[in-house]
Amino acid sequence: MKYNYNKEPLKSLSIKPFLSMVSDRNQVIEKAQAVMPQSEFNANRLAKSLHPQVQHVKIKKIFDHGDAKSFVLTPDQTKGTDSLAYFRAGQYVSVFLDFEGGCMNKPYAIRSNPADALGGKDNQYILTVKRNNPGFGSSYMLDHLKEGDPLDISGPLGEFYYQKFRDARDVVALAGGSGITPFYSMAAAIAAGIEDFNLTILYGSRTSEGILLKEELEQIEKQSAGKVRVVHVLSDEEKDGFEHGFLTAELIKKYAPSDRTYSLFMCGPKAMYEFGTKEAEKLKLRRRFVRKELPGDCSNPEKNPDYPKEAAGKTFQIRVHISGEVREIQAASEQTLLQAMERAHIKAPSHCRSGECGWCHSKLLSGSVYIPQDADGRRMADLKFGWIHPCATYATGDVELEVYPVMEELG
């Protein structure tokens, strides 16, 4: 098959542009920067915005609640944080604190509505911190931090949030003290239409005067179109309009759906977990429907029946390899290895402080240690090859370990 091409347009073209093409290109190259253009995949850019290792913030405002305070955090653009990462209601951030008695990364639940993290440079997180004795992190934040102070925090962390493929549509939440904060965020997200499930909060407090964020919870409850219900339970006071006692299985049954499956979430002090876990067993719920927030710092290892009693009350030598240096410090038997390093101003990586997230993953080179069973979140490979989580590990003899700091770690 033959094709007839019209060559007339080609005849009208001048050859001069072609003759100068090389020199024109050389001129463009000479005017260009010596550095090759840099580009970044949109997927990588999105990942960095959602999962930053560090966020620089300032304390915009502080609200006083008596034995607790709420800290409103906004991006510190002067240090390169243009906006805060979006989070799921129920997640936490790790706050880096550096003070005279040591340094630490302390996890606190984000109390605010996730919608508040979508405002560009004006977006914000709210952390509500209650005094916890003994609690070096909470005491320092409540007694020393003021409006305008800078802080370094992690990106959003944790998996204590609602997932419709795992959790039932109805959730009964057991909260104690500052354990209300992740549930406050969930309730706010439901009221704003970000989350879609039914939430009943059984909130345990000692007295009605000691209820944290009571008025704010009432406002969210009104805005939720019946999807959020808050029931206050007072342990030390009998008063009309309040339940009295503890968060028992009978009380849960009273407010939980009787005709359908529900999930049970818990967040509060360690004593509440111990009591609530036993009560939850009476409900015969499937394991997937019982969720507990990480408890934070381990404490009182000597109370565990499998703790080696001969180690109690002693102090041990700890040899720490970190960032090419070797530090010799001491650790009391009741201190985790992480706490001992922090008091020696060693900036060891950590986040959850509960033996779960693996951020403090370190190599045990020699020595004997004790790890509580309920805080041992290591993998089978860690057990085989001698890796530990210092946040949940206690020395029972002299110890040598190697710590691997994460790039761009807080502080």
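## Exercises: a pocket and a cavity

About 1,200 Å³ of space lies in the second largest pocket. The model is predicted.

**Exercise 1.** Find which elements give two or more residues to the lining of the second largest pocket, and which gives the largest share.

*Solution.*
- Step 1. Start at the centre: of the 40 lining residues, Lys-292, Glu-293, Pro-295, Glu-356 and Asp-374 lie nearest to it.
- Step 2. Look for elements that give two or more residues to this lining: they are α9 (270-281) and β12 (290-292).
- Step 3. Pick the largest share: α9 supplies it, with 6 residues.

**Exercise 2.** Sort the lining of the second largest pocket into nonpolar, polar and charged residues.

*Solution.*
- Step 1. Take the nonpolar group: there are 17 such residues.
- Step 2. Take the polar group: this holds 9.
- Step 3. Take the charged group: here the count is 14.

**Exercise 3.** State how many cavities of 30 Å³ or more there are, and describe the lining of the largest cavity.

*Solution.*
- Step 1. Count: there is 1 cavity of 30 Å³ or more.
- Step 2. Give the volume: the largest cavity holds about 30 Å³ of space.
- Step 3. Name the lining: Phe-96, Cys-103, Met-104, Asn-105, Glu-342, Ile-346, Lys-347 and Ala-348.
- Step 4. Find the top contributor: strand β4 (residues 102-109) gives the most to this lining, with 3 residues.
- Step 5. Sort the lining residues: 5 are nonpolar, 1 is polar and 2 are charged.

Methods. Residues numbered from 1 in each chain as written. Predicted model: local features only at pLDDT ≥ 70, side-chain atom pairs only at ≥ 80, totals over all residues. Heavy atoms only, no water. 1 Å grid on protein atoms, 1.4 Å probe; cavity = no way out; pocket = protein on both sides within 12 Å on 5 of 7 lines; lining within 4 Å. Points joined across faces, edges and corners; volume = space filled by probe spheres on them. Helix = DSSP H or I, 4+ residues; strand = E, 2+ residues; numbered from the N terminus. Nonpolar A, V, L, I, M, F, W, Y, C, P; charged D, E, K, R; others polar.
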